[in-house]
Amino acid sequence: MKVPFLDLQAHHQPIREQLEAAIGDVIDKSAFAGGPFVASFENEFARFCGCNHVVGVGNGTDALWLSLLALEVGAGDEVITVPSTFMATAEAISYCGARPKFVDIDEQTYTMDPGLLERAISPRTKAIIPVHLFGQCADMDPILDIAAQHGIPVVEDACQAHGAKYKGRRAGTIGALGCFSFYPGKNLGALGEAGGVTTNDKALAARIQVFRDHGQHRKYHHSLVGWNARMDGIQGAVLSIKLKHLEVNNVRRQAHALLYDQLLGELEEIITPFEAPHNRHVYHVYAVRVQERNQILQALADRGIACAIHYPVPIHLQEAYRFLGYEEGSFPVAERCAHEFLSLPMFPELTHEQIHAVAAELKSCMSGRKPQSSCPK
């Protein structure tokens with residue numbers, strides 16, 4: 001059986017007529033850049049998350065960047081985050097003129113290790129960005145406690161955590177600001193690029209609204225040097241349709257993860273994802289850890305099972321950030337995981353037969369290999 005890593009056609013087909021009607025409505029009203037469809041989605045997503053304000057922007061990178069600008073992060077500042085994330089988290093810091101500073105991740109959740117945060121803080125630290133990796137929230141309470149002691153705002157990178165929860169609170173509503181990507185493959189994905197910022201702070205929301213529209217507080221009156229980071233009307237309309245299905249689809253992802261756990265959890269050669277007791281994991285990615293990952297990836301591909309790697313090179317070892325002075329061994333947990341992560345097929349429309357096929361082929365590929373012993377399950 002061939003199993004795709006992601007199947008957006010299967011995802012969109014049941015709601016295609018609704019999507020086409022929504023796009024037609026935008027065309028009929030010529031509301032293409034910002035406008036009423038974006039405003040409607042902002043209100044709907046705010047209700048879903050349980051926050052006061054949502055600001056729609058062009059993509060998740062814009063969400064991170066403009067959030068830092070709203071907090072007045074600039075040249076000479078430092079922003080603490082993790083090396084195990086997509087490049088955009090660090091890029092947003094750099095585009096503010098600030099310097100990324102990293103702390104290692106927790107061995108089980110793959111999110112920021114709060115026990116390492118305090119020692120990374122310096123007089124230049126202007127913000128902290130924990131990343132809710134793969135659909136699971138970072139351990140936010142100790143992070144917030146440490147940040148509060150130093151008067152440092154916390155910005156959640158929730159780009160993979162639509163609908164995730166930490167101690168009953170939705171991702172994106174726990175820190176000062178939350179940043180979301182609505183890239184097509186996300187749990188809540190647009191039909192193109194889009195992003196959003198969540199916050200309960202009216203002043204921060206207003207500031208980001210100005211930044212996203214060339215610094216205009218009203219037409220042709222520019223109070224700030226901003227950027228063109230508006231969400232398209234078509235994406236706002238599409239996201240309003242797809243938001244209605246997010247909760248059901250997240251439940252399906254959780255069920256798929258549970259089945260994977262049952263089929264793979266007893267194999268010593270594989271470390272399956274760990275869900276912290278206080279979290280609601282929404283499994284944007286279902287990443288196991290295996291030895292000889294690249295060989296396993298190719299062997300599965302040869303058998304028709306499409307998998308992926310998130311992320312093979314930690315940010316501190318990327319060529320673009322060589323100037324920071326980090327080297328191999330700087331963040332051993334992130335580096336170890338980067339060599340071991342194998343992302344299995346995960347999307348709401350995945351069938352039980354497909355999951356069984358993936359598990360069976362993975363077990364076959366792992367047969368005779370050494371047990372995985374990097375960390376406890």
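**Figure 1. Lining of the largest pocket in the predicted model.** Helix 4 makes the greatest contribution to the lining of the largest pocket, with three residues. Here a pocket is an open set of points on a 1 Å grid over the protein atoms alone, with protein on both sides within 12 Å along at least five of seven lines, and lining residues have an atom within 4 Å of a point. Helices are DSSP runs of H or I with at least four residues, strands are runs of E with at least two, and both are numbered from the N terminus. The model is predicted, and local features need pLDDT of at least 70, side-chain atom pairs count only at pLDDT 80 or more, and totals for chains, interfaces and linings use all residues. Residues are numbered from 1 along each chain as its sequence is written, and side-chain values use heavy atoms, with hydrogens and water left out. The volume of the largest pocket is about 560 Å³, a volume being the space filled by probe spheres set on grid points that are joined across faces, edges and corners. Of its 29 lining residues, Phe86, Ser181, Tyr183, Lys186 and Tyr311 are the closest to the centre. Helix 4 and helix 5 (88-95) are the elements that give two or more residues to this lining. By class, the lining has 14 nonpolar, eleven polar and four charged residues; Ala, Val, Leu, Ile, Met, Phe, Trp, Tyr, Cys and Pro count as nonpolar, Asp, Glu, Lys and Arg as charged, and the others, Gly among them, as polar.

**Figure 2. The cis peptide bond at Tyr311.** His310 and Tyr311 are joined by a cis peptide bond, with omega about -15°. Tyr311 belongs to the loop between helix 9 (293-302) and helix 10 (332-340).

Figure 3. The axes of helix 4 and helix 5 come within 8 Å and cross at roughly 40°; axes are lines fitted to C-alpha atoms, for helices over the stretch in contact, and angles run from 0 to 180 degrees between N-to-C directions. In this contact (heavy atoms within 4.5 Å), Thr61, Leu64, Trp65 and Leu68 of helix 4 meet Ala88, Thr89, Ala92, Ile93 and Tyr95 of helix 5. These residues comprise seven nonpolar, two polar and no charged. Helix 4 (residues 60-70) and helix 7 (residues 202-212) have axes that come within 9 Å and cross at roughly 120°. Helix 4 contributes Leu66, Ser67, Leu69 and Ala70 to the contact, and helix 7 contributes Leu204, Arg207, Ile208, Phe211 and Arg212. Six nonpolar, one polar and two charged residues make up the contact of helix 4 with helix 7.

**Figure 4. The second largest pocket.** The second largest pocket holds about 160 Å³ of space. Its lining has 13 residues, of which His11, His245, Asn249, Arg252 and Glu349 are the closest to its centre. Helix 1 (8-12) and helix 8 (233-264) each supply at least two lining residues, and helix 8 gives the most, with six. The lining divides into six nonpolar, four polar and three charged residues.

Figure 5. The largest cavity has a volume of about 70 Å³. Tyr110, Phe134, Gln136, Pro273 and His281 are the closest to its centre among the 13 lining residues. Tyr110 has a phi near 70°, a positive value in a residue other than glycine, and lies in the loop between strand 3 (99-102) and strand 4 (125-128).

Conventions: 1 Å grid on protein atoms, 1.4 Å probe; cavity = no way out; pocket = protein on both sides within 12 Å on 5 of 7 lines; lining within 4 Å.
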